[in-house]
Amino acid sequence: PALDYINQAMQLIDAESWNYPTSLTRDLYIQKAESEHLCGNNDIAENIFEIAVTHANSDLDKARVYLKKIHYYNNLGKFKEAYETGRVAISPLGVRLPSKFVPPLLVKDIIQYRFLRGTRSIKELINVKEMTDEKQRMAVLLMAVVTKSAYQIKPELSINISAKIVNLSLRYGHADGSCVGFAAFGAIFHG
């Protein structure tokens, strides 16, 4: 039934709907893609995601579509596709995710963590301010979601991403998804 309502809504908007900066059209396409996936129509879902990304009018809007597409790939067990989608989504937001686990990059992130943490105790980290920049907030959320994919590819890669989440959070503040980074990073390095 939900897919029927979404299809009716899509018939009400015309092809010109993408010419207007509106989140309604984007969200409608995302809902259609998710509903098609839940009904087992994965080819249609993937096509709808691509249409939504193509017509998104900003990096942040594209990231919102990509976020849902990452969930879609994770649900299908397509972890490499989910991870690559995350890499594409996050790059315009100013964060680079490695294509594979590279130990020196993790060492660099650990050194950066120690610098950013400074003399604060672990208990004091809860008092870090809240992140305000929307692009940075989305970057943290994308990394938190893609950490699942990274773990399935190579567990060490997910720790590398967790370190990046922690460092962004210490530098700019906490955001949705920061807890994923702190949980994984803390368990490994402060367990």
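A: Residues are called buried under 20% relative accessible area, exposed over 50%, and partly exposed in between (1.4 Å probe, protein chains only). N41 is partly exposed, since its relative accessible area is 29%. This is a predicted model, in which local features need pLDDT of at least 70, side-chain atom pairs count only at pLDDT 80 or more, and totals for chains, interfaces and linings use all residues. Residues are numbered from 1 along each chain as its sequence is written, and side-chain values use heavy atoms, with hydrogens and water left out.

Q: Where does N41 lie, and which residues is N41 in contact with, leaving aside neighbours within four places in sequence?

A: Contact means heavy atoms within 4.5 Å. N41 lies in the loop between helix 2 and helix 3. Leaving aside neighbours within four places in sequence, N41 is in contact with L3 and E36.

Q: How many helices and strands are there in the protein?

A: Both are DSSP runs, numbered from the N terminus: helices are H or I with at least four residues, and strands are E with at least two. The protein has 9 helices and 0 strands. Its C-alpha trace spans about 60 × 30 × 25 Å along the principal axes. Of the 191 residues, 46% are buried.

Q: At what angle do helix 2 and helix 3 pack?

A: Axes are lines fitted to C-alpha atoms, for helices over the stretch in contact, and angles between N-to-C directions run from 0 to 180 degrees. Helix 2 (residues 23-38) and helix 3 (residues 42-55) pack at about 165°, and their axes are 7 Å apart. The two helices are therefore roughly antiparallel, a label for angles over 145 degrees. Helix 2 passes helix 3 in a left-handed crossing, that is, the near helix is turned anticlockwise from the far one by less than a right angle.

Q: Which residues in helix 2 meet helix 3?

A: On the helix 2 side they are Y29, K32, A33, E34, E36 and H37, which meet N42, I44, A45, I48, F49, I51 and A52 in helix 3. By class, the residues of this contact are 8 nonpolar, 2 polar and 3 charged. Here Ala, Val, Leu, Ile, Met, Phe, Trp, Tyr, Cys and Pro count as nonpolar, Asp, Glu, Lys and Arg as charged, and the others, Gly among them, as polar.

Q: How far apart are the axes of helix 1 and helix 2?

A: They are 10 Å apart, and the two helices pack at an angle of about 145°. Their crossing is left-handed. L3, I6, N7, A9 and M10 in helix 1 meet L28, Y29, Q31, K32, S35 and E36 in helix 2.

Q: Which residues of the largest nonpolar core touch the most other members?

A: A nonpolar core is a set of buried Ala, Val, Leu, Ile, Met, Phe, Trp, Tyr and Cys residues joined through side-chain atoms within 4.5 Å. The largest one has 53 residues, and L97, L142, M143 and I161 touch the most other members. Helix 7 gives the largest share of this core, 9 residues. Not counting residues up to four places away in sequence, M143 touches I90, V95, L97, I161, K164, I165 and L168.

Q: Is D109 buried or exposed?

A: D109 counts as buried, because its relative accessibility is 3%. D109 lies in helix 6. Leaving aside neighbours within four places in sequence, D109 is in contact with N160, A163, K164 and N167. K164 is in helix 8 and, at 16% relative accessibility, is buried.

How values were computed
Parallel < 35°, antiparallel > 145°, perpendicular 65-115°, else oblique.
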